[in-house]
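Open the model in your viewer and keep the sequence beside it. This tour tells you what to select at each stop.

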Amino acid sequence: MITFRKRVTTAVKILLLLCFTGFFFGNTLLNAQVSDSVITKPHSPKTASIMSAVLPGLGQAYNKKYWKIPIIYTGAAAVTYFAVTNNKYYSKYKTAFKLRTDNDPATIDDYDGKYTTQNLLDLKNYYRRNLELTVIVGVAIYALNIIDASVDAHLYNFDIDDNLSLRASPMLLLSQNKVSPGISLSLNLKSFR
């Protein structure tokens, strides 16, 4: 008599065998079909934007611009460092200011005799302002990450031809008996065949 355990083991083995053969033959047939006709998958700016919004740098990986990912994470690490540091000092000076101005002679802050009440207020406001600016910079880096992924996806299939060129050269500008330095830009569009 076959036990329940042997039936389950046999069923799992058959299922794995079917999955393996289905994967192998299905993959072979799919490769044969792909090689017969070239399939071009469109590069989607929407997908790149969503990927960068979910995980910063993922849209750049989708666009195959891997060199931008360390730049994004370096910016995020710097913003995180400054946010943590500014928050730490803001909390310290805020607590000290509250202790100093609570009108209770029993409470003494850590900066008694070192800073005046006005100094504590100024330091608290300074680090609060820096914290707020750090948050704004962090949001800007996050938004630029998404915008960069979208723009790169739009330009992913853009063909850069040798017939296009932009040349910058220094020049001197003459105006009202004054000579001032300048830059001359010339765009060359040769005829396309």
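**Stop 1: a helix residue**

Select Ile50, which lies in helix H2, residues 45-54. Helices here are DSSP runs of H or I with at least four residues, strands are runs of E with at least two, and both are numbered from the N terminus. Ile50 is partly exposed, at 47% relative accessible area. The scale works like this: buried means under 20% relative accessible area, exposed means over 50%, and partly exposed is in between (1.4 Å probe, protein chains only). Ile50 and Ile146 are 96 residues apart in sequence, yet 7.8 Å apart in space, C-alpha to C-alpha.

Before you move on, note that this is a predicted model, where local features need pLDDT of at least 70, side-chain atom pairs count only at pLDDT 80 or more, and totals for chains, interfaces and linings use all residues. Residues are numbered from 1 along each chain as its sequence is written, and side-chain values use heavy atoms, with hydrogens and water left out.

**Stop 2: salt bridges**

How many salt bridges does a search of the whole structure find? There are 4. Each is a side-chain nitrogen of Lys or Arg within 4 Å of a carboxyl oxygen of Asp or Glu.

Select Asp148 and Lys68. They form a salt bridge, with the closest N and O atoms 2.9 Å apart. Asp148 lies in helix H5 and Lys68 in the loop between helix H3 (58-62) and H4, so this pair ties together parts that are 80 residues apart in sequence. Lys68 is buried at 12% relative accessibility. Asp148 is partly exposed at 24%.

Next, select Arg128 and Glu132. Their side chains meet in a salt bridge at 3.4 Å, N to O. Both residues lie in helix H5, 4 residues apart, which is about one turn of the helix. Arg128 is partly exposed at 33%, and Glu132 is partly exposed at 41%.

Is Asp109 buried or exposed? Asp109 is buried, at 6% relative accessibility.

**Stop 3: aromatic rings**

The structure holds 7 aromatic pairs. Rings of Phe, Tyr and Trp (its six-membered ring) pair if their centres lie within 6.5 Å; planes under 30 degrees apart are stacked, over 60 edge-to-face, and the rest tilted. Select Tyr81 and Phe82. Their ring centres are 5.2 Å apart and their planes are at 70°, so the pair is edge-to-face. Tyr81 is exposed at 53%, whereas Phe82 is partly exposed at 45%.

Move to Tyr93 and Tyr115. Their centres are 6.2 Å apart with planes at 75°, so this pair is edge-to-face. It links distant parts of the chain: Tyr93 is in helix H4 (residues 69-100), and Tyr115 is in the loop between H4 and helix H5 (117-154), 22 residues apart. Tyr93 is buried at 7%, while Tyr115 is partly exposed at 25%.

**Stop 4**

Finish with Leu189, found in strand E2. Leu189 counts as exposed, at 54% relative accessibility.
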